[in-house]
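Subject: Structure handover

Hello,

Here is the structure for you to look through. Please open it first, then read the notes below.

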Amino acid sequence: MSLFSISSVKLLNDESFFLDETTGKKCCIVGARDLKISQADRPQNWNWRFDADSRFSEVAELRSALRLDIREKIKARMLQPRTVYAACLVFKIVEEAAGLQSAKAMIRFVNDESDRDAAKRARPVYLQLVKDTKGGNVVERADGWTEVEMGNFYIGQGDDGEVEARLLEFRRWKTGLVVEGVVFRPTFTYTETPLVSKKYMLTKVWG
């Protein structure tokens with residue numbers, strides 16, 4: 001998994017675009033406040049607070065919940081054409097955490113696939129340091145946060161729909177997950193064929 005530094009990026013709001021230091025291509029980081037987090041408005045489930053390690057004014061800390069469902073959509077035209085992107089959840093896990101060993105993650109082109117159909121092919125990812133031969137390892141960053149890849153996708157020339165990244169887990173009671181946001185960035189390392197939109201597949205050519 002390719003990492004980049006965003007420590008020098010000044011975030012004026014909870015959604016910021018910037019250029020990848022290695023490729024010069026567009027990236028986007030979205031803060032927790034702009035994510036769609038199930039039950040995030042319920043104080044008994046989530047706590048919104050300041051975190052000194054975060055570039056955002058608030059992060060979301062999971063107090064207690066059975067349903068963990070975190071999503072973010074981005075318009076394809078806002079990203080760089082002819083580029084494979086990874087969508088990564090940026091998070092921490094506190095010492096008292098429970099039920100956060102793993103979850104499932106997926107990517108979908110919103111115009112191509114329903115929520116239900118996409119959820120059927122969601123792949124397992126690990127939220128703690130466990131080796132996963134199919135990908136989905138967590139990576140600890142130097143800035144105090146951790147990343148896990150939710151999936152990757154290809155932005156073709158002319159793609160104009162929305163892409164949604166989603167992480168979900170409904171089987172165990174959970175506590176102790178701190179969410180900073182979701183980052184979309186170019187990637188050259190992936191273990192599965194990147195998802196391509198149906199519109200772009202009609203061209204039968206990548207590029």
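**What was found**

The chain has an accessible surface of about 10400 Å², and 50% of that belongs to carbon and sulfur atoms. Accessible areas come from the Shrake-Rupley method with a 1.4 Å probe, and for residues only the protein chains shown count as cover. This is a predicted model: local features need pLDDT of at least 70, side-chain atom pairs count only at pLDDT 80 or more, and totals for chains, interfaces and linings use all residues. Residues are numbered from 1 along each chain as its sequence is written, and side-chain values use heavy atoms, with hydrogens and water left out.

**Overall build**

The chain holds two helices and 13 strands. Both are DSSP runs, numbered from the N terminus: helices are H or I with at least four residues, strands are E with at least two. Of the 207 residues, 50% count as buried. Buried means under 20% relative accessible area, exposed means over 50%, and partly exposed lies in between (1.4 Å probe, protein chains only). Take contacts between residues at least 6 apart in sequence: 74% of them join residues at least 24 apart. A contact means heavy atoms within 4.5 Å.

**Cores**

A nonpolar core is a set of buried Ala, Val, Leu, Ile, Met, Phe, Trp, Tyr and Cys residues joined through side-chain atoms within 4.5 Å. The largest one has 39 residues. Leu89, Phe153, Leu167 and Leu177 have the most contacts inside it. A second, separate core has eleven residues, including Phe18, Val59, Val90 and Val183.

Start with valine 59, in strand β5 (residues 59-62). Valine 59 counts as buried because its relative accessibility is 0%. Beyond its neighbours within four places in sequence, valine 59 contacts several residues, among them Trp48, Trp145 and Val179. Arginine 33 is 26 residues from valine 59 in sequence, yet 7.4 Å away in space, C-alpha to C-alpha.

Next is threonine 146, in strand β11 (residues 146-155). Threonine 146 is buried, at 13% relative accessible area. Outside four places in sequence, its contacts include Leu89, Val90 and Phe91.

**Cysteines**

How many disulfides are there? A disulfide is a pair of cysteine sulfur atoms within 2.5 Å. By this rule the count is zero. For cysteine 27, the closest cysteine sulfur is in cysteine 28, 8.8 Å away, so it is too far for a bond. Cysteine 27 is buried, at 0% relative accessible area. Cysteine 28 is buried, also with 0%.

Best wishes
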